[in-house]
Amino acid sequence: MLLHEQEQFLSYNGEVLVFQLLKQKLVEGAAEKTMNLCVRRMVFNRDIKMFVQKSSGAFSMKASHSKIEIICCSCTTDSRTGLILPCILMKKKKRNIVKYLLLLLHSSNQFEQSFHFKLDYELEEDIRLFPGPSVLWRHANKLFYISSNTCVVQSAPVQLSSVVWTGEIVGEGTVVLGLRTACLPENEDADELSTSDRAIWGSEFFGYTIQTQKMLTGTSFLPHAYGRVVSSVYVCKNERWRKQLRISLVAITHKNQLVWFQNGLPKGVCELPYEKACSVKPAVTSSNDLLFIVSFTSGNICVVQRRDSLQVTSKWQKVKSVLVDDFIGSGSEQLLLLFKDDSNTDVLSAFKITDLGEVNYTSDINYKCDVPVTEGLQENGLLTVQALEARLQAGFTSVRELQQHLELKKRVILESCRALIDLVEERPHVLPKAKEEDLVSLWDDVENPPHSLNKETLLASKVPEHFTKKLWQRVVGDNLVVGVKLTESFYLSLTDVSLSLVMDQDSSSISPIIKCQSKIIRLNKAFSSLAVSSCLVEPPPKKLKLDLHSKDDLKKEFPKRPSGVQLDGTKTVIAVTSLSPLLAFHRVCCVVLLHAKKQKHWNDGLQESKKITVLCGKILLSLEDISNGRYSVKMLRDNSYCTGSMEDILAVLAVSVRYSFQIVSSDCTLTPVNSWLLGEMECTPFKECHDNIFCHKAGNVYGTVFNWSLKNPFEGVLTIFCRSLTVLFQCLHSLTKVIPPTCDVKLLRCGSKGLLTEQLAMALEKEVLTSRNSFFSKESKAEKSLCGNEAGKNINNASLASLLDTEEGIKQFRKKLQSEQEECVLSMNQAVNGALYQKIALKIAEAQLSSDMIAWRLS
């Protein structure tokens, strides 16, 4: 007795080949199980309008302890005879070994085993049959194939994410079209447009020839931007004209569209009625109409007709298989739709043969009838192209405007840099007029007072002659560290201190201001603790800002002003910047500027802060000095101590990032932590501050600074100053090997939650008071005007009472009331001059910036 297992359909010379995998029950005395691959040749009888069996054949395979399956079937060329024959790929799995057989079916219904091969994995992705016969598949983003000529599995030297088409191209042989991650080989000659496209889309469409192992440019088939959205392709026509490859194809995209491409350019587009299209095949009807049959994973089918434009003409649902061939012998192709019919076991019981014209044969079984195309589904192709051209032109206009904006921004920044240099060197600077720079003034120049607000903020208070104790510099890795040690009397009157570095070079093509980060590092008098200011990190920006893409990296990003400066200990301000851009000049001289707010106390206890910019001195930097190690950090061992100077210690800490971890042990003491630091990590304490130890261990962890503080024998805080997260992970991995597994290690925030909450409340209160006090004077003036009007009305109450007795009096009272209301509104809408508005906006912005910073740290 035969039991039905699997079935596949294939059209061949107007016939329908039905492949079925059937297994035979064991008969008493049989040695082992067998599996039969049976084929039935079915032809359409136009008289009875049914498919009848013409002939049949079978191929037996041993199936003991094996699982046999039909993978796929297709018609391809036999290289020995040049004939096109049906091919069937079979899988035979036994334990972990998978064996594949490729069978050829001859006209006598005899099966011939072309070749077989074994793999240690199963074929699942992009399996294709092509002339040879040959088998191609994709596994782990690599392309593999095997041919009947070699019978050896070969690997193509390409990485790809999917295969969208396999077939013959004139002059190239068998070509595989697929998608891969965008890459630009060094020897590839590509224009700027293709390079930018690859960077934007991240994936590209390409071709690979099997015989010559050559790569074909994807733009010969379709534009690069379509590569990432294409899921399936069918090449309709390919030829060579004047050594140029001319190709016409249709492609299915992930956007539910069918797009027609000719010579690499889109010529038409059509929206598909269903989602998740998986394949497309063509058909040429008796009226020479070119049809595209699109199949979907849900079992739906639609037909797209190409005349003046692409249009969906028909669609069907619950389709089991669709075949294209001349089934009625008319000399043109028709579509054979096989529908799902659970009520009948005959595989060809529910079908439809049509060419969307005169040919229309259907079975008597009820099935899902044609669904009419929804009106308005198609878009006019010409209007679509026109809309795309308009969008492209608008994009070009936006790019030109953006380039003009960036050029103007660059001129403004360079002019600001020149003004800053002249200010530092005490030279007069004349700003160009706004009209000359195509700018519009934001302030009312007529109402501005004679003295400028910028002069008030920069030159408000006198600076002592000797405010700098020492100016030093160090080179740590690829960083330049510049430090300024200030006198204590001068430092105590400052807040929001930071440094800037300005190149002392006359160059009009680059910005002379160097991008750097300011830090304040405090070592208290007892050297028992160490802290780094909160300006190490900043909250992410709320809005994206345009950036200047100049030819160099010497751009200015004014650093966040550190707040809450500690008043005890060493008064040193440090700036850190990248060293490699400066070395491009071989020798460079930089001016060091100090930015701060200076507090001025009044007799009533109030204080006022004004911004100042002070010249601290100049530093010289040359490649020769760096090569000789003149500014290098020297950390040596001397009698179990690290002999680095205070400047060396500060430089190492400045280029490091601090991480604090709370370690709690419930079972045993934390004595192994100290032994780990002094032993395995080869750390020695600084002579200047014993609680901070320097790591001398060779490798990436060299130069890491540790601080181990015990609250009690079972709880402590380990602070690690390291250059990168990689070093941090290495240190923590080494630490976990020595501490008990029951220890709880927790990363601590920068600042306690209670303190940050209190600071946030004070900052929000200051922000509210700043906003209120800024406009208090205008509100008072308006209120006085309003109160004056009210008083006038009270005085005239007696006279107004007499007016209300007559109609004319009521009209006069109404006019008077309306005029008083207009005067009140005008008094409330008084203008603010530019200088006052600028000062108010600056105060409010500073208050909001402070509260935003604390809120971000608390989140």
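Select helix α9 to begin: its buried residues (under 20% relative accessible area with a 1.4 Å probe, protein chains only; exposed is over 50%, and partly exposed lies in between) are Val 727, Leu 728, Cys 731, Leu 732, Ser 734 and Leu 735. They lie on the same side of α9, because they cover an arc of only 160 degrees around the axis, the arc being that of the directions from the helix axis to the C-beta atoms. An α-helix has 3.6 residues a turn, so residues three or four places apart point the same way.

The model in view is predicted: local features need pLDDT of at least 70, side-chain atom pairs count only at pLDDT 80 or more, and totals for chains, interfaces and linings use all residues. Residues are numbered from 1 along each chain as its sequence is written, and side-chain values use heavy atoms, with hydrogens and water left out.

Now turn to the other side of α9, where Phe 729 and Thr 736 are exposed. Next, display β38 (657-664), α8 (671-678), β41 (705-712) and β42 (715-722), against which the buried residues of α9 pack. Helices (H or I, at least four residues) and strands (E, at least two) are DSSP runs, numbered from the N terminus.

Proceed to the largest nonpolar core, which has 29 residues. Such a core is a set of buried Ala, Val, Leu, Ile, Met, Phe, Trp, Tyr and Cys residues joined through side-chain atoms within 4.5 Å. Select Leu 480, Leu 486, Leu 494, Val 592, Leu 594 and Leu 621, the members that touch the most others. Elements giving two or more residues to this core include β30 (479-486), β31 (494-503) and β36 (587-601). Centre the view on Val 592: leaving aside neighbours within four places in sequence, its contacts (heavy atoms within 4.5 Å) include Leu 471, Val 482, Leu 499, Val 614 and Ile 619.

A second, separate core of 23 residues includes Trp 676, Val 701, Trp 708 and Leu 732. Leu 732 is also one of the buried residues of α9.

Finally, select the cysteines. A disulfide is a pair of cysteine sulfur atoms within 2.5 Å, and the count by this rule is zero. The sulfur of Cys 270 lies 7.1 Å from the closest cysteine sulfur, in Cys 302, which is too far for a bond. Cys 590 is likewise in no disulfide, the nearest cysteine sulfur, that of Cys 589, being 6.7 Å away. Cys 270 is buried, with a relative accessible area of 1%; Cys 590 is buried, with 2%.
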